[in-house]
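Here is a friendly briefing to read beside the model. Keep the sequence and the 3D view open as you go through the points.

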Amino acid sequence: MRKVIMGNHALSYGAMLGRAQVIAAYPITPQTQVVELLSEMCADGTLAAKFIKVESEHSAMAACIGASVAGARTFTATSAQGLALMHEMLHWASGGRHPVVLGNINRAMAPGWSIWSDQNDSLSERDTGWMQFYCSSNQEVLDTTIQAFKVAEALFIPAMVILDAFSLSHTYEVVDVPDLDKVDAFLPPFKPYARVDYRTPRAFNGLTGPENYMELRYKLQKDMERVPEMVEATGREYEKLFGRHLGAVDAYRCEDAETILVTSGTAGYTAHVAVDEMRKDGLKVGNFRMRMFRPFPFDIVRRVLLPAKKVAVVDRNISYGHHGMFAQEVKSALYGIPGAPPVFGFIAGLGGRDITPASFREVVDTAAAQDRPAEEILWIGVKR
Amino acid sequence: MSKKKDAAKIIFESEKDVPIMPMSLGSMLFNKTGSWRNIRPEIRTADCIRCGICWKFCPDMSILVEEELPVVDYDFCKGCGICAEECPVKCIEMAEERK
(Lines give C-alpha, C1' and ligand atoms only; values in the text may rest on other atoms or scores of the structure.)
Protein backbone atom coordinates (compact mmCIF):
# COMPACT_ATOMS: atom_id res chain seq x y z
CA MET A 1 0.00 0.00 0.00
CA ARG A 2 1.27 3.46 -0.88
CA LYS A 3 1.33 5.84 2.04
CA VAL A 4 2.58 9.37 2.58
CA ILE A 5 4.81 9.03 5.63
CA MET A 6 7.72 10.75 7.32
CA GLY A 7 11.20 9.21 7.31
CA ASN A 8 10.92 8.31 10.97
CA HIS A 9 7.72 6.37 10.32
CA ALA A 10 9.40 4.60 7.40
CA LEU A 11 11.79 3.21 10.02
CA SER A 12 8.87 2.21 12.24
CA TYR A 13 7.13 0.44 9.36
CA GLY A 14 10.39 -1.31 8.48
CA ALA A 15 10.70 -2.63 12.04
CA MET A 16 7.02 -3.62 12.08
CA LEU A 17 7.17 -5.43 8.74
CA GLY A 18 10.38 -7.10 9.89
CA ARG A 19 8.39 -8.37 12.88
CA ALA A 20 10.77 -7.06 15.52
CA GLN A 21 9.98 -8.97 18.72
CA VAL A 22 11.62 -6.74 21.28
CA ILE A 23 11.98 -2.98 20.97
CA ALA A 24 13.80 -1.05 23.67
CA ALA A 25 14.26 2.65 23.19
CA TYR A 26 14.62 6.03 24.80
CA PRO A 27 13.16 9.05 23.01
CA ILE A 28 15.40 11.79 21.60
CA THR A 29 14.79 14.48 19.01
CA PRO A 30 14.78 13.89 16.02
CA GLN A 31 14.14 10.17 16.53
CA THR A 32 11.04 10.35 18.74
CA GLN A 33 8.37 9.48 16.15
CA VAL A 34 10.16 6.23 15.28
CA VAL A 35 9.46 4.73 18.68
CA GLU A 36 6.23 6.65 19.24
CA LEU A 37 4.62 4.84 16.32
CA LEU A 38 6.17 1.51 17.31
CA SER A 39 4.85 1.84 20.86
CA GLU A 40 1.38 2.52 19.43
CA MET A 41 1.69 -0.52 17.19
CA CYS A 42 2.67 -2.65 20.19
CA ALA A 43 -0.21 -1.24 22.24
CA ASP A 44 -2.93 -1.78 19.63
CA GLY A 45 -1.71 -5.23 18.61
CA THR A 46 -0.50 -4.34 15.10
CA LEU A 47 2.90 -5.58 16.15
CA ALA A 48 3.35 -8.53 18.51
CA ALA A 49 6.44 -7.15 20.18
CA LYS A 50 7.52 -6.36 23.69
CA PHE A 51 8.17 -2.64 23.99
CA ILE A 52 10.61 -1.91 26.80
CA LYS A 53 10.80 1.62 28.15
CA VAL A 54 14.24 2.27 29.55
CA GLU A 55 16.01 4.99 31.48
CA SER A 56 18.77 5.62 28.95
CA GLU A 57 20.12 4.64 25.56
CA HIS A 58 22.83 2.60 27.26
CA SER A 59 20.05 0.55 28.83
CA ALA A 60 18.12 0.40 25.56
CA MET A 61 21.02 -1.33 23.85
CA ALA A 62 21.63 -3.54 26.90
CA ALA A 63 17.98 -4.65 26.76
CA CYS A 64 18.27 -5.36 23.03
CA ILE A 65 21.38 -7.46 23.61
CA GLY A 66 19.66 -9.44 26.37
CA ALA A 67 16.61 -10.02 24.19
CA SER A 68 18.78 -11.00 21.23
CA VAL A 69 20.68 -13.61 23.24
CA ALA A 70 17.28 -14.94 24.32
CA GLY A 71 16.51 -15.46 20.62
CA ALA A 72 14.38 -12.40 19.79
CA ARG A 73 14.63 -10.10 16.78
CA THR A 74 15.44 -6.72 18.27
CA PHE A 75 15.19 -3.12 17.18
CA THR A 76 16.02 0.25 18.66
CA ALA A 77 16.44 3.79 17.41
CA THR A 78 18.36 6.80 18.62
CA SER A 79 20.29 9.89 17.61
CA ALA A 80 23.49 11.82 18.40
CA GLN A 81 23.95 12.11 22.18
CA GLY A 82 21.86 8.96 22.60
CA LEU A 83 24.08 6.99 20.26
CA ALA A 84 27.13 8.32 22.07
CA LEU A 85 25.72 7.13 25.38
CA MET A 86 25.18 3.71 23.79
CA HIS A 87 28.81 3.53 22.71
CA GLU A 88 29.95 0.91 25.20
CA MET A 89 26.96 -1.30 24.49
CA LEU A 90 27.52 -1.04 20.73
CA HIS A 91 30.74 -2.98 21.28
CA TRP A 92 28.87 -5.54 23.35
CA ALA A 93 26.33 -6.05 20.57
CA SER A 94 28.91 -6.58 17.84
CA GLY A 95 31.47 -8.43 19.97
CA GLY A 96 28.74 -10.75 21.25
CA ARG A 97 27.45 -11.14 17.68
CA HIS A 98 23.94 -9.99 18.49
CA PRO A 99 22.26 -8.88 15.23
CA VAL A 100 20.39 -5.89 16.63
CA VAL A 101 19.06 -3.40 14.07
CA LEU A 102 19.36 0.24 15.11
CA GLY A 103 17.87 3.26 13.39
CA ASN A 104 20.04 6.33 13.87
CA ILE A 105 18.91 9.76 12.88
CA ASN A 106 22.03 11.74 12.01
CA ARG A 107 22.16 14.73 14.33
CA ALA A 108 25.14 16.96 15.05
CA MET A 109 26.94 16.40 18.34
CA ALA A 110 26.71 19.04 21.05
CA PRO A 111 27.95 21.55 22.03
CA GLY A 112 26.73 23.91 20.60
CA TRP A 113 23.55 22.12 21.25
CA SER A 114 22.11 21.08 17.91
CA ILE A 115 19.25 18.97 16.67
CA TRP A 116 20.16 19.35 12.99
CA SER A 117 21.83 16.91 10.71
CA ASP A 118 25.40 15.83 10.31
CA GLN A 119 27.12 12.48 10.40
CA ASN A 120 29.57 12.84 13.25
CA ASP A 121 27.37 10.84 15.61
CA SER A 122 27.24 7.66 13.55
CA LEU A 123 30.71 8.00 12.09
CA SER A 124 32.16 8.26 15.58
CA GLU A 125 30.92 4.66 15.93
CA ARG A 126 32.53 3.36 12.78
CA ASP A 127 35.00 1.15 14.65
CA THR A 128 32.44 -0.55 16.87
CA GLY A 129 31.90 -3.48 14.49
CA TRP A 130 28.45 -2.42 13.28
CA MET A 131 27.35 -2.32 9.68
CA GLN A 132 26.30 1.18 8.59
CA PHE A 133 23.81 2.02 5.85
CA TYR A 134 23.09 5.64 4.89
CA CYS A 135 19.71 6.35 3.31
CA SER A 136 18.54 9.12 1.01
CA SER A 137 14.77 8.61 0.77
CA ASN A 138 11.95 7.34 2.95
CA GLN A 139 11.41 4.37 0.67
CA GLU A 140 15.05 3.49 1.05
CA VAL A 141 14.76 3.74 4.83
CA LEU A 142 11.92 1.22 4.91
CA ASP A 143 13.53 -1.17 2.42
CA THR A 144 16.93 -0.94 4.08
CA THR A 145 15.49 -1.70 7.52
CA ILE A 146 13.90 -4.93 6.29
CA GLN A 147 17.07 -5.95 4.46
CA ALA A 148 19.22 -5.01 7.47
CA PHE A 149 17.49 -7.66 9.59
CA LYS A 150 18.22 -10.25 6.93
CA VAL A 151 21.91 -9.42 6.49
CA ALA A 152 22.51 -8.88 10.21
CA GLU A 153 20.97 -12.21 11.16
CA ALA A 154 22.72 -14.11 8.37
CA LEU A 155 26.14 -13.02 9.62
CA PHE A 156 25.40 -12.17 13.27
CA ILE A 157 26.58 -8.60 12.91
CA PRO A 158 24.42 -5.70 14.13
CA ALA A 159 23.37 -3.03 11.65
CA MET A 160 22.64 0.71 11.73
CA VAL A 161 20.12 2.20 9.34
CA ILE A 162 20.96 5.90 9.15
CA LEU A 163 18.99 8.90 7.95
CA ASP A 164 19.44 12.67 8.17
CA ALA A 165 17.66 14.71 10.81
CA PHE A 166 14.68 16.62 9.42
CA SER A 167 15.69 16.56 5.75
CA LEU A 168 14.63 12.92 5.91
CA SER A 169 13.39 12.12 9.42
CA HIS A 170 10.59 14.70 9.32
CA THR A 171 10.07 14.90 5.58
CA TYR A 172 6.96 13.27 4.15
CA GLU A 173 7.26 11.23 0.97
CA VAL A 174 5.22 8.62 -0.82
CA VAL A 175 6.37 5.20 0.36
CA ASP A 176 5.28 1.82 -0.90
CA VAL A 177 4.65 -0.14 2.29
CA PRO A 178 4.83 -3.81 1.28
CA ASP A 179 2.35 -6.45 2.46
CA LEU A 180 3.39 -8.28 5.58
CA ASP A 181 3.04 -11.75 4.02
CA LYS A 182 5.37 -10.75 1.19
CA VAL A 183 7.93 -9.52 3.71
CA ASP A 184 7.49 -12.76 5.67
CA ALA A 185 8.46 -14.68 2.53
CA PHE A 186 11.63 -12.59 2.26
CA LEU A 187 12.54 -12.48 5.93
CA PRO A 188 12.11 -15.73 7.87
CA PRO A 189 12.12 -15.71 11.69
CA PHE A 190 15.45 -15.11 13.46
CA LYS A 191 17.46 -18.27 14.01
CA PRO A 192 19.93 -17.57 16.79
CA TYR A 193 23.45 -19.01 16.63
CA ALA A 194 23.18 -19.86 20.31
CA ARG A 195 20.76 -18.63 22.89
CA VAL A 196 19.90 -18.65 26.54
CA ASP A 197 18.32 -22.06 27.07
CA TYR A 198 17.93 -24.00 30.31
CA ARG A 199 18.52 -27.29 28.47
CA THR A 200 22.03 -26.24 27.49
CA PRO A 201 22.99 -23.73 30.15
CA ARG A 202 25.66 -21.28 29.06
CA ALA A 203 27.12 -18.01 30.12
CA PHE A 204 27.51 -15.45 27.31
CA ASN A 205 30.10 -12.73 26.76
CA GLY A 206 32.16 -13.78 29.77
CA LEU A 207 35.85 -13.56 30.52
CA THR A 208 37.92 -14.49 27.47
CA GLY A 209 41.66 -14.68 27.95
CA PRO A 210 44.42 -13.88 25.47
CA GLU A 211 44.37 -17.56 24.43
CA ASN A 212 40.98 -17.23 22.70
CA TYR A 213 40.06 -13.52 22.31
CA MET A 214 41.95 -12.74 19.12
CA GLU A 215 40.21 -15.53 17.18
CA LEU A 216 36.82 -14.01 18.07
CA ARG A 217 37.91 -10.73 16.53
CA TYR A 218 39.41 -12.47 13.50
CA LYS A 219 36.09 -14.18 12.90
CA LEU A 220 34.12 -10.94 13.23
CA GLN A 221 36.36 -9.33 10.62
CA LYS A 222 36.09 -12.35 8.30
CA ASP A 223 32.30 -12.17 8.50
CA MET A 224 32.41 -8.41 7.94
CA GLU A 225 34.30 -9.15 4.73
CA ARG A 226 31.36 -11.30 3.60
CA VAL A 227 28.90 -8.42 4.01
CA PRO A 228 29.32 -6.65 0.62
CA GLU A 229 28.51 -9.84 -1.27
CA MET A 230 25.62 -10.58 1.08
CA VAL A 231 24.22 -7.04 0.70
CA GLU A 232 24.26 -7.33 -3.10
CA ALA A 233 22.63 -10.79 -3.01
CA THR A 234 20.00 -9.63 -0.52
CA GLY A 235 19.34 -6.56 -2.69
CA ARG A 236 18.78 -8.75 -5.76
CA GLU A 237 16.41 -11.03 -3.86
CA TYR A 238 14.49 -8.02 -2.55
CA GLU A 239 14.28 -6.56 -6.04
CA LYS A 240 12.69 -9.76 -7.37
CA LEU A 241 9.95 -9.55 -4.76
CA PHE A 242 9.42 -5.81 -4.47
CA GLY A 243 10.85 -4.33 -7.67
CA ARG A 244 13.30 -1.98 -5.98
CA HIS A 245 17.05 -2.46 -6.07
CA LEU A 246 19.35 -1.38 -3.28
CA GLY A 247 22.99 -2.30 -3.19
CA ALA A 248 26.04 -1.16 -1.26
CA VAL A 249 26.28 1.93 -3.49
CA ASP A 250 24.23 3.90 -5.98
CA ALA A 251 26.46 4.92 -8.87
CA TYR A 252 24.72 7.45 -11.11
CA ARG A 253 26.15 8.52 -14.48
CA CYS A 254 29.62 7.49 -13.35
CA GLU A 255 30.62 5.37 -16.39
CA ASP A 256 31.91 8.24 -18.53
CA ALA A 257 32.29 10.84 -15.76
CA GLU A 258 35.50 12.85 -15.52
CA THR A 259 34.67 14.08 -12.03
CA ILE A 260 32.84 11.74 -9.68
CA LEU A 261 31.14 13.10 -6.57
CA VAL A 262 31.21 10.80 -3.58
CA THR A 263 28.18 11.46 -1.41
CA SER A 264 25.91 9.89 1.19
CA GLY A 265 22.53 10.43 2.83
CA THR A 266 20.11 13.08 1.60
CA ALA A 267 23.00 15.17 0.28
CA GLY A 268 23.54 12.25 -2.09
CA TYR A 269 20.02 12.73 -3.38
CA THR A 270 20.66 16.44 -3.93
CA ALA A 271 23.87 15.52 -5.76
CA HIS A 272 21.84 13.30 -8.06
CA VAL A 273 19.76 16.33 -9.10
CA ALA A 274 22.88 18.51 -9.33
CA VAL A 275 24.56 15.98 -11.64
CA ASP A 276 21.62 16.10 -14.05
CA GLU A 277 21.79 19.91 -14.10
CA MET A 278 25.55 19.95 -14.66
CA ARG A 279 25.30 17.31 -17.40
CA LYS A 280 22.89 19.62 -19.22
CA ASP A 281 25.65 22.23 -19.11
CA GLY A 282 28.07 19.74 -20.62
CA LEU A 283 30.01 18.88 -17.47
CA LYS A 284 30.93 15.21 -17.30
CA VAL A 285 30.10 14.49 -13.69
CA GLY A 286 28.71 11.48 -11.88
CA ASN A 287 27.37 10.80 -8.41
CA PHE A 288 28.71 7.86 -6.39
CA ARG A 289 26.35 7.72 -3.46
CA MET A 290 27.65 5.39 -0.79
CA ARG A 291 24.87 3.55 1.02
CA MET A 292 27.18 1.24 2.90
CA PHE A 293 30.05 2.73 4.87
CA ARG A 294 30.78 -0.25 7.12
CA PRO A 295 32.05 -2.54 5.93
CA PHE A 296 33.74 -0.30 3.42
CA PRO A 297 33.01 -1.63 -0.09
CA PHE A 298 36.61 -1.44 -1.35
CA ASP A 299 36.05 -3.39 -4.58
CA ILE A 300 33.11 -1.32 -5.80
CA VAL A 301 34.80 1.94 -4.82
CA ARG A 302 37.89 1.02 -6.84
CA ARG A 303 35.94 -0.27 -9.81
CA VAL A 304 33.78 2.86 -10.15
CA LEU A 305 36.23 5.58 -9.12
CA LEU A 306 39.48 4.47 -10.79
CA PRO A 307 38.47 5.44 -14.36
CA ALA A 308 37.60 9.01 -13.28
CA LYS A 309 40.00 11.94 -13.68
CA LYS A 310 39.04 13.44 -10.32
CA VAL A 311 37.17 12.29 -7.26
CA ALA A 312 35.39 14.87 -5.09
CA VAL A 313 34.23 13.54 -1.75
CA VAL A 314 31.63 15.64 0.05
CA ASP A 315 31.65 14.88 3.75
CA ARG A 316 28.95 16.03 6.15
CA ASN A 317 31.29 15.17 9.00
CA ILE A 318 34.83 15.77 10.17
CA SER A 319 37.49 13.85 12.00
CA TYR A 320 39.15 16.76 13.78
CA GLY A 321 42.81 17.00 12.92
CA HIS A 322 42.36 14.76 9.91
CA HIS A 323 39.78 14.90 7.07
CA GLY A 324 36.19 14.14 6.38
CA MET A 325 35.74 10.47 7.07
CA PHE A 326 34.45 9.33 3.69
CA ALA A 327 37.41 11.14 2.11
CA GLN A 328 39.85 9.31 4.40
CA GLU A 329 38.42 5.99 3.46
CA VAL A 330 38.12 6.63 -0.26
CA LYS A 331 41.79 7.65 -0.20
CA SER A 332 42.72 4.47 1.61
CA ALA A 333 40.85 2.43 -1.01
CA LEU A 334 42.72 4.10 -3.87
CA TYR A 335 46.14 4.28 -2.23
CA GLY A 336 49.05 2.91 -4.17
CA ILE A 337 47.08 2.12 -7.32
CA PRO A 338 48.97 3.51 -10.33
CA GLY A 339 46.95 6.14 -12.18
CA ALA A 340 44.42 6.55 -9.37
CA PRO A 341 42.61 9.89 -9.59
CA PRO A 342 43.36 12.60 -7.01
CA VAL A 343 40.84 12.72 -4.18
CA PHE A 344 39.48 16.15 -3.24
CA GLY A 345 38.08 16.20 0.28
CA PHE A 346 35.23 18.69 0.78
CA ILE A 347 33.42 19.37 4.02
CA ALA A 348 29.93 20.82 3.90
CA GLY A 349 26.66 20.94 5.78
CA LEU A 350 27.85 20.52 9.36
CA GLY A 351 25.17 21.04 11.98
CA GLY A 352 22.38 20.98 9.40
CA ARG A 353 23.64 23.78 7.14
CA ASP A 354 22.02 23.21 3.75
CA ILE A 355 23.82 21.34 1.02
CA THR A 356 22.20 22.50 -2.21
CA PRO A 357 22.71 21.79 -5.94
CA ALA A 358 24.75 25.04 -5.95
CA SER A 359 27.05 23.50 -3.31
CA PHE A 360 27.83 20.62 -5.66
CA ARG A 361 28.40 23.05 -8.51
CA GLU A 362 30.95 24.81 -6.30
CA VAL A 363 32.55 21.46 -5.48
CA VAL A 364 32.90 20.52 -9.14
CA ASP A 365 34.18 24.00 -10.10
CA THR A 366 36.75 23.93 -7.27
CA ALA A 367 38.00 20.49 -8.29
CA ALA A 368 38.16 21.57 -11.93
CA ALA A 369 40.37 24.56 -11.06
CA GLN A 370 43.03 22.48 -9.26
CA ASP A 371 45.23 19.69 -10.60
CA ARG A 372 45.59 18.31 -7.12
CA PRO A 373 43.78 19.45 -3.97
CA ALA A 374 45.28 22.77 -2.83
CA GLU A 375 44.36 22.02 0.76
CA GLU A 376 43.72 18.84 2.73
CA ILE A 377 40.20 20.05 3.45
CA LEU A 378 38.23 22.17 1.01
CA TRP A 379 35.42 23.88 2.88
CA ILE A 380 32.03 24.56 1.34
CA GLY A 381 29.76 27.19 2.84
CA VAL A 382 31.92 28.44 5.71
CA LYS A 383 31.55 32.19 6.23
CA ARG A 384 35.12 33.47 6.19
CA MET B 1 35.90 -32.23 47.09
CA SER B 2 34.30 -33.52 43.92
CA LYS B 3 35.36 -34.62 40.48
CA LYS B 4 33.96 -31.42 38.93
CA LYS B 5 37.23 -29.71 39.80
CA ASP B 6 38.97 -31.69 37.09
CA ALA B 7 37.44 -29.30 34.55
CA ALA B 8 40.14 -28.02 32.20
CA LYS B 9 40.58 -24.67 30.52
CA ILE B 10 39.52 -24.76 26.86
CA ILE B 11 42.20 -23.46 24.51
CA PHE B 12 41.25 -23.73 20.85
CA GLU B 13 43.86 -24.97 18.41
CA SER B 14 42.33 -23.14 15.44
CA GLU B 15 39.95 -20.25 14.86
CA LYS B 16 37.76 -22.75 12.99
CA ASP B 17 36.86 -24.38 16.29
CA VAL B 18 36.06 -21.10 18.05
CA PRO B 19 32.34 -20.29 18.18
CA ILE B 20 31.58 -16.82 16.81
CA MET B 21 29.84 -15.81 20.04
CA PRO B 22 31.91 -15.52 23.19
CA MET B 23 30.24 -18.10 25.41
CA SER B 24 31.00 -20.72 27.99
CA LEU B 25 31.41 -24.15 26.47
CA GLY B 26 32.97 -26.10 29.27
CA SER B 27 33.36 -25.29 32.92
CA MET B 28 35.08 -22.40 34.62
CA LEU B 29 35.84 -24.59 37.62
CA PHE B 30 39.51 -24.75 36.69
CA ASN B 31 39.61 -21.11 37.67
CA LYS B 32 40.06 -21.48 41.42
CA THR B 33 38.99 -18.07 42.56
CA GLY B 34 39.61 -18.93 46.19
CA SER B 35 43.14 -17.61 45.68
CA TRP B 36 41.68 -14.07 45.64
CA ARG B 37 40.66 -14.35 49.29
CA ASN B 38 42.10 -12.09 52.01
CA ILE B 39 39.90 -13.21 54.87
CA ARG B 40 38.44 -16.68 55.31
CA PRO B 41 35.23 -17.90 56.92
CA GLU B 42 35.76 -20.43 59.67
CA ILE B 43 32.75 -22.30 60.98
CA ARG B 44 32.41 -23.47 64.60
CA THR B 45 30.24 -26.41 63.74
CA ALA B 46 29.63 -27.15 67.43
CA ASP B 47 27.44 -24.00 67.61
CA CYS B 48 25.78 -24.50 64.18
CA ILE B 49 21.99 -24.89 64.27
CA ARG B 50 21.88 -26.33 60.71
CA CYS B 51 19.53 -23.62 59.43
CA GLY B 52 21.14 -23.54 55.95
CA ILE B 53 21.18 -19.75 55.76
CA CYS B 54 24.91 -19.55 54.95
CA TRP B 55 24.43 -22.14 52.20
CA LYS B 56 21.53 -20.18 50.76
CA PHE B 57 23.18 -16.75 50.91
CA CYS B 58 26.61 -17.69 49.54
CA PRO B 59 26.77 -15.93 46.14
CA ASP B 60 29.42 -18.33 44.85
CA MET B 61 27.93 -21.64 46.00
CA SER B 62 31.00 -22.13 48.14
CA ILE B 63 29.18 -23.42 51.19
CA LEU B 64 28.65 -27.11 50.77
CA VAL B 65 26.48 -29.18 53.08
CA GLU B 66 27.98 -32.43 54.22
CA GLU B 67 26.07 -34.59 56.67
CA GLU B 68 23.78 -31.65 57.39
CA LEU B 69 26.65 -29.37 58.38
CA PRO B 70 28.10 -26.48 56.34
CA VAL B 71 31.61 -26.85 54.93
CA VAL B 72 33.46 -24.05 53.15
CA ASP B 73 34.81 -24.84 49.69
CA TYR B 74 38.05 -22.86 49.94
CA ASP B 75 38.86 -23.48 46.27
CA PHE B 76 36.20 -20.96 45.32
CA CYS B 77 35.26 -18.96 48.44
CA LYS B 78 36.42 -15.37 47.84
CA GLY B 79 35.98 -14.40 51.46
CA CYS B 80 33.14 -11.92 51.00
CA GLY B 81 31.83 -12.55 54.53
CA ILE B 82 28.14 -12.71 53.65
CA CYS B 83 27.83 -16.09 55.41
CA ALA B 84 29.31 -14.66 58.62
CA GLU B 85 27.05 -11.61 58.38
CA GLU B 86 23.91 -13.67 57.89
CA CYS B 87 24.59 -16.49 60.36
CA PRO B 88 21.88 -16.12 63.06
CA VAL B 89 24.02 -17.68 65.80
CA LYS B 90 27.28 -16.05 64.71
CA CYS B 91 29.17 -19.31 64.50
CA ILE B 92 31.09 -18.17 61.39
CA GLU B 93 34.10 -15.93 61.91
CA MET B 94 36.15 -14.20 59.27
CA ALA B 95 39.80 -14.84 60.03
CA GLU B 96 42.93 -13.42 58.43
CA GLU B 97 43.89 -15.61 55.49
CA ARG B 98 46.89 -17.83 56.12
CA LYS B 99 49.05 -17.79 53.05
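Two residues are in contact when their C-beta atoms, placed from the backbone, lie within 7 Å. This is a predicted model: local features need pLDDT of at least 70 and side-chain atom pairs count only at pLDDT 80 or more, while totals for chains, interfaces and linings use all residues. Residues are numbered from 1 along each chain as its sequence is written, and chains are lettered from A and ligands numbered from 1 in the order in which they are written.

**The sheet and a helix across it**

- Helices (H or I, at least four residues) and strands (E, at least two) are DSSP runs, numbered from the N terminus.
- Helix α2 (residues 32-44) of chain A lies across β2 (22-25), β3, β4 and β5 of chain A, and runs at about 130 degrees to β3(A). Axes are lines fitted to C-alpha atoms, for helices over the stretch in contact, with angles from 0 to 180 degrees between N-to-C directions.
- In chain A, an open sheet of seven strands has the order β3-β2-β4-β5-β7-β6-β12, with mixed pairing; two strands pair if DSSP finds at least two bridges between them.
- At the edges stand β3 (50-53) and β12 (292-294) of chain A, each with a single partner strand, so one side of each has no neighbour in the sheet.
- On average, neighbouring strands of this sheet are turned by 20 degrees against each other, direction ignored.
- Five bridges join strand β4 (residues 74-79) and strand β5 (residues 101-106) of chain A in the parallel sense. A:Ala77 has A:Gly103 in β5(A) as its bridge partner.

**Two domains in chain A**

- Chain A is divided into domain 1 (2-240) and domain 2 (249-379); such bounds come from an automatic or database domain assignment.
- The C-alpha centres of these two domains of chain A lie 27 Å apart.
- Across the boundary, 26 residues of domain 1 of chain A are in contact with 22 residues of domain 2 of chain A.
- On the domain 1 side, β6(A) gives the most, with four residues.
- By class, that side of domain 1 of chain A has 13 nonpolar, nine polar and four charged residues. Here Ala, Val, Leu, Ile, Met, Phe, Trp, Tyr, Cys and Pro count as nonpolar, Asp, Glu, Lys and Arg as charged, and the others, Gly among them, as polar.

**Cores and buried residues**

- A residue is buried if 20 or more other C-beta atoms lie within 10 Å of its own, exposed if 12 or fewer, and partly exposed in between.
- A nonpolar core is a set of buried Ala, Val, Leu, Ile, Met, Phe, Trp, Tyr and Cys residues joined through C-beta atoms within 7 Å.
- The largest nonpolar core has 115 residues, and A:Ala159, A:Leu261, A:Val262, A:Ala312 and A:Val313 touch the most other members.
- Helix α6 (residues 138-155) of chain A gives the most to this core, with eight residues.
- This core draws at least three residues from each of domain 1 and domain 2 of chain A.
- Within α6 of chain A lies A:Ala152, which is buried because 28 other C-beta atoms are within 10 Å.
- Helix α1 (residues 7-17) of chain A is mostly covered, with eleven of its eleven residues buried. After α1(A) comes A:Arg19, whose phi is positive, near 55 degrees.

**Where the chains meet**

- The contact takes 18 residues from chain A and ten residues from chain B.
- Helix α8 (residues 213-225) of chain A supplies the largest share of the chain A side, four residues.
- That side of chain A has seven nonpolar, six polar and five charged residues.
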